[in-house]
Every structure is written in structure tokens, then in C-alpha cells.
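Please consult the sequence and the structure while reading each answer.

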Amino acid sequence: MPIAAIENIFPFLIPMIIFMIPIVAILTHHQRKMAELVHGTGGEGVGRAEVESLRQEIRELKQLVHQQTIALDGIQRGQLPPVPVAQVGA
């Protein structure tokens, strides 16, 4: 390749290199974050026990919402919700 051809390409190479530096930095940062997620070594990783605890709380909240919805439906129909009966001899 003659020297004149390199001199013609050189002005285009400088801006390309300048724009490639932040792109490469962003991609490597993203790749590092994804590797942390995949391998579970994130800085604020949530443990399996915590996730299961949150799932149990959500189940309990869903059950409570269902009970309250049924009670409100009964009130709207003019029926009183069942009164909890105290156990005899307790």
C-alpha cells in the first residue's frame, strides 16, 4: 500500500479510535455486570433464603387479599362475614 493511501485514511482513523474507546468501555462494563449476575457474585446478592422468605410473604398477602375480597363481596350482598367462634374450653 503506498504511503499516500495511508495518509488519506489516517484522518478517518483518529475519530474512529476516539469513538471506539467509550464503546469498548461500555461493552466491557456490561459484560462484567452480566458475568456477576450469572455467577452470583454481585455486590448486593440476595440469598436463596431471602428470596424464599419474600415468596412466603407474598403468598400470605395474596391469601389475606382473597379473604378480604370475599368478606367485602359478602357485605355488598347484605350478608355479614362469619364471626370467628372462640374454642370452648380454651
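A residue is called buried when its relative accessible area is under 20%, exposed when it is over 50%, and partly exposed in between, using a 1.4 Å probe and protein chains only. By this rule, buried residues make up 1% of the 90 residues in the protein chain. This is a predicted model, in which local features need pLDDT of at least 70 and side-chain atom pairs count only at pLDDT 80 or more, while totals for chains, interfaces and linings use all residues. Residues are numbered from 1 along each chain as its sequence is written, and side-chain values use heavy atoms, with hydrogens and water left out.

Q: Why is Met 16 called partly exposed?
A: Its relative accessible area is 47%. The term covers values between 20% and 50%, so Met 16 is partly exposed.

Q: What makes Met 16 part of a nonpolar patch on the surface?
A: A patch takes residues with over 30% relative accessible area and no salt bridge, joining nonpolar side chains (Val, Leu, Ile, Met, Phe, Trp, Tyr) within 5 Å and like charges within 9 Å. Met 16 has 47%, and the patch includes Met 16 together with others, among them Phe 10, Leu 13 and Val 24. Met 16 lies in helix α1, residues 3-39.

Q: How do you know that the span of helix α2 agrees with its number of residues?
A: Helices are DSSP runs of H or I with at least four residues, and strands are runs of E with at least two, numbered from the N terminus. The expected span is 1.5 Å times one less than the number of residues. For the 29 residues of helix α2 (48-76) this gives 42 Å, and the end C-alpha atoms are 42 Å apart, so the two values agree.

Q: Why is the contact between Arg 59 and Glu 52 called a salt bridge?
A: The term requires a side-chain nitrogen of Lys or Arg within 4 Å of a carboxyl oxygen of Asp or Glu. The N to O distance between Arg 59 and Glu 52 is 3.5 Å, so the contact qualifies. Arg 55 also meets Glu 52 in a salt bridge, at 4.0 Å, and Glu 52, Arg 55 and Arg 59 are linked in a network.

Terms used
Areas by Shrake-Rupley, 256 points an atom, 1.4 Å probe, with all protein chains shown as cover.
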